[in-house]
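Hi,

Here is the structure I promised to pass on. Please open it and keep it in view while you read.

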Amino acid sequence: MAYGIPKQILIATTNPGKFSEMLQLLDGVDTTWVSLQDFPDIEPPAETGATYEDNALLKARYYSEKTQLPAIADDSGLEILALGGWPGLHSNRPLGDNRRLSDSDLLALVLKRMEAYPHEPQRRARMVCAAAYVDPGNEIELCYRGSLYGVIGKAPKGKNGFGYDPLFYVPDCWKTIAQMTPEEKNRFSHRRHAMVTLKPRIIHEFTKREGFAV
């Protein structure tokens, strides 16, 4: 039962892979999901936040205002211990400017910078995701973080992911994220750890407003 959940909610991404992943993670929320591919004329905002949560909320607020829909947005990054947490918040633009790199260029850049760290303990890293939901009409703002710990591989493996996924090994299954099936990824991923908290909180907010919450 939907308990007043809006009829349409925006998932603020143009990436079909991420949209598909988010749909699986949000299964059971009774609404129609749309993506930024349905709004091709909207320019992205400047991601000026000091944290992943700041950027996720910034993007959710921005796209909600532009589309007049409640919006879910996330901000994620790769943090490599040996490199002081680089690329971190700038994972989409790791050169420190406004240039977005292709996935192959992102992987090549990481491998180049990791050449000085050949041993597994030196290659520890984590993937971080903050996921936000903003619904101005109902005065709701929510944001939760998830993390996944792993190791940077020495060569890309797998074709199922995007971004840094082919280099990020997960010790629990000793596969890169890009080698995982969608079901495996949605069991382990940093985005899953954020969404597993956000999803029930969205439902709870509308349950509470309809008088069903304890």
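Below are notes on the cysteines and then on the pockets. One caution first: this is a predicted model.

**Cysteines**

How many disulfides are there? The count comes to 0. A disulfide is a covalent bond between the sulfur atoms of two cysteines. The sulfurs must lie within 2.5 Å to count as a pair. For Cys 129, the closest cysteine sulfur belongs to Cys 143, and it is 8.6 Å away, so that is too far for a bond. Cys 143 is in no disulfide either, with the sulfur of Cys 129 as its nearest.

Are they buried or exposed? Cys 129 is buried, at 0% relative accessibility. Cys 143 is partly exposed, at 22%.

**Largest pocket**

Its volume is about 780 Å³. The lining has 34 residues, and the closest to the centre are Thr 13, Asn 15, Lys 18, Asn 92 and Arg 100. Which elements supply at least two lining residues each? They are helix 2 (52–67), strand 3 (71–80), helix 3 (103–113) and helix 5 (190–209). Strand 3 gives the largest share, 5 residues. By type, the lining divides into 14 nonpolar, 9 polar and 11 charged residues.

**Second largest pocket**

This pocket holds about 250 Å³ of space. It is lined by 14 residues. Closest to its centre are Glu 47, His 90, Arg 93, Asp 97 and Asn 98. The lining here splits into 3 nonpolar, 8 polar and 3 charged residues.

Best wishes

Technical notes:
Residues are numbered from 1 along each chain as its sequence is written. This is a predicted model: local features need pLDDT of at least 70, side-chain atom pairs count only at pLDDT 80 or more; totals for chains, interfaces and linings use all residues. Side-chain values use heavy atoms; hydrogens and water are left out. Buried means under 20% relative accessible area, exposed over 50%, partly exposed in between (1.4 Å probe, protein chains only). On a 1 Å grid over the protein atoms alone, a cavity is a set of points where a 1.4 Å probe fits but cannot get out, and a pocket is an open set with protein on both sides within 12 Å along at least five of seven lines; lining residues have an atom within 4 Å of a point. Grid points are joined across faces, edges and corners, and a volume is the space filled by probe spheres set on the points. Helices (H or I, at least four residues) and strands (E, at least two) are DSSP runs, numbered from the N terminus. Ala, Val, Leu, Ile, Met, Phe, Trp, Tyr, Cys and Pro count as nonpolar, Asp, Glu, Lys and Arg as charged, and the others, Gly among them, as polar.
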